[in-house]
Amino acid sequence: MRYLSTRGHPDRRHFCEILLEGLAPDGGLYLPESYPQVDAATLERWRKLPYAELAFEVLSLYIDDIPAADLRALCAKTYTEEIFGTEDIVPLRELEDGVYLEALSNGPTLAFKDMAMQLLGNLFEYELARRGEELNILGATSGDTGSAAEYAMRGKKGVRVFMTSPDGRMSPFQQAQMFSLQDPNIHNLAIEGVFDDCQDIVKAVSNDLEFKRKYKIGTVNSINWARLLAQVVYYFAGYFQATGSNDQKVSFTVPSGNFGNVCAGHVARMMGLPVHQLVVATNENDVLDEFFRTGVYRVRGAADTHETSSPSMDISKASNFERFVFDLLGRDAAKTRTLFEGELGKSGRFDLSADPAFASAATRFGFISSRSTHADRIATIRDTDKRFATLIDTHTADGLKAAREHIAPGVPMIILETALPIKFAASIVEALGHEPDRPERFIGIEALPKRVMRLPKDVEAVKRYISQHCD
Ligand SMILES: *Cc1c(COP(=O)(O)O)cnc(C)c1O
C-alpha cells in the first residue's frame, strides 16, 4: 500500500514515511492509492474479533512497513480496558428504538480524540526508536486536541510535547487535565493571548525551516493520516454491534469540525462497510452543512467564526475536507488543486453546485448534513436526560439532533459520542441545573500541582523555551 497526495505530486510513499508528517510536499493531503475492499467473508470473520484484533486487521490493510507481529503488539498495547474503561472499548448503547450512541469518550481525556491519539503515541515511539531519532511535537490547543496529545505522548521515549494554549481561556477542568501532568517530556506553554495567537506562533516556528530541522519539530494535527486511519476501526466496531448480520445497513451521525472523524467513516464505507448514510452534524459554524446543502464551500473569517457551547466544532475551515473532495471529483488531482489552491486561495470559496459530481455526494457517497444551535443543544441534553436518563455532552447533542432529522425506517442510526459531559459542565448546568457526575479518577484534579510556563505572545520566547528544553 502506498500513499499519494490529493494535489498530484508524483511521489508515492509508504505508511511510516508519512506517519510523522503533516501535509504532502505540494500542500495536499495524503490518501491511499486505493481503498482495500472488505468482502462478506472478511466482515463475517471480523465480526467476532475483540477491538484490538479488529484494529490490527484494518490497519494491516494500510500498513506494509511494520512487521505484523509488531503492529499486532502495538494495537494490543493501545486498546485495553485499562486505558478505555471497558472491555468493548467502544460500547454501543440503544437510546430508543433503532437509535444508538457509540461511546468513544472513555479514554484518558474523555473525548474521542484519544481513540486515535493513543495509537499515534505508540506508533511514534516505535518508529522513532527504529530510526534512532527524536521528535519535538509543537502544537496549539483550545482544549481537546492538546490534552489528548499530551496523554498519548507522556512518558514516550524520543518524543517531547510543547503545547501552547491561550492563558486562562480553557475551562478549569481542561486546564487541570493538561497542567497536572508532571511528566518531564510534556511542556505546557500558556501564551498571553488568544487561540489564534497560539496557532500563529506554531506556524511561525514551523516556517523557520532551519529551526524546524535543528530541533526536529513535528505536529500531531488532524490531517495526520495515521490518526484518520485509527478512527476507521470504530465504524466497523459500531456496525458489528448494531447489526446481527452483514446484509444489514446502518447510518452514522458524526459531530464534525475539521472533517477528520466523518472522513474516517467515508473511508470505511469506501472499503465496503454497509453504510447507508453519513450525517455530518455541525453547530453554528456551518461551513460543512452549507456545502452539503448548496455545493458552495466557503471558508469563514475570524469575525464569522462563532464561539459556541460545542467549542471543539468551532472551525472556520475543515482541514480534512480536501480528502473527500478529491474522491468526490473522481480523484482528479488537478481539479482538486485548482479548487483548494487556486479558488480558495483567491476568493476563500469554491462552488460545485453546477458540477454533476456534487449530486453524487449524497447519492454515491451517502453524505447528508444538519446544523444545530445553542438552544437545540440545551433542549436535546434536557430531553435525553428526562426521557432516557442519559447524560450527553454538547457535541454529542449536536449529533443526536442532526440524526433525528435523517432516520430511515429499518436502518439503525449510530451517533458517535465525541466527549463526556464533564468536559463541558457549564452547559450541563444550564440545561439541567446541576453539575454532571465526574468519573472518580478526575475528582479533585483542579487542586493538583500545576506544571505550566507562562510566556508572552512572542515567537522568539517560544523558540528560546524549546531550545533550552531539548536535551
Ligand atoms: C475534535 C472534536 C470534534 C470534531 O471532530 P473532527 O474530526 O474535527 O470533525 C467533535 N467533538 C469533539 C468533542 C471533539 O473533540
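Reader: So how do the residues of the shell around the ligand divide into nonpolar, polar and charged?
Author: There are 5 nonpolar, 8 polar and 2 charged ones. Here Ala, Val, Leu, Ile, Met, Phe, Trp, Tyr, Cys and Pro count as nonpolar, Asp, Glu, Lys and Arg as charged, and the others, Gly among them, as polar. This is a predicted model, where local features need pLDDT of at least 70 and side-chain atom pairs count only at pLDDT 80 or more, while totals for chains, interfaces and linings use all residues. Residues are numbered from 1 along each chain as its sequence is written, and side-chain values use heavy atoms, leaving out hydrogens and water.
Reader: Ok, and which polar side-chain atom lies 2.6 Å from an oxygen atom of the ligand?
Author: That one belongs to Asp144. On the backbone side, an N or O atom of Asn258 lies 2.7 Å from a ligand oxygen. Thr418 has a side-chain N or O atom 3.0 Å from a nitrogen atom of the ligand.
Reader: What is Gln118 in contact with, leaving aside neighbours within four places in sequence?
Author: Thr78, Ile83, Phe84, Pro108, Tyr151 and Ala152, where contact means heavy atoms within 4.5 Å.

Conventions: A polar contact is a pair of N or O atoms within 3.5 Å; within protein, one must be able to donate a hydrogen and the other to accept it, and residues adjacent in sequence count only if both atoms are side-chain atoms.
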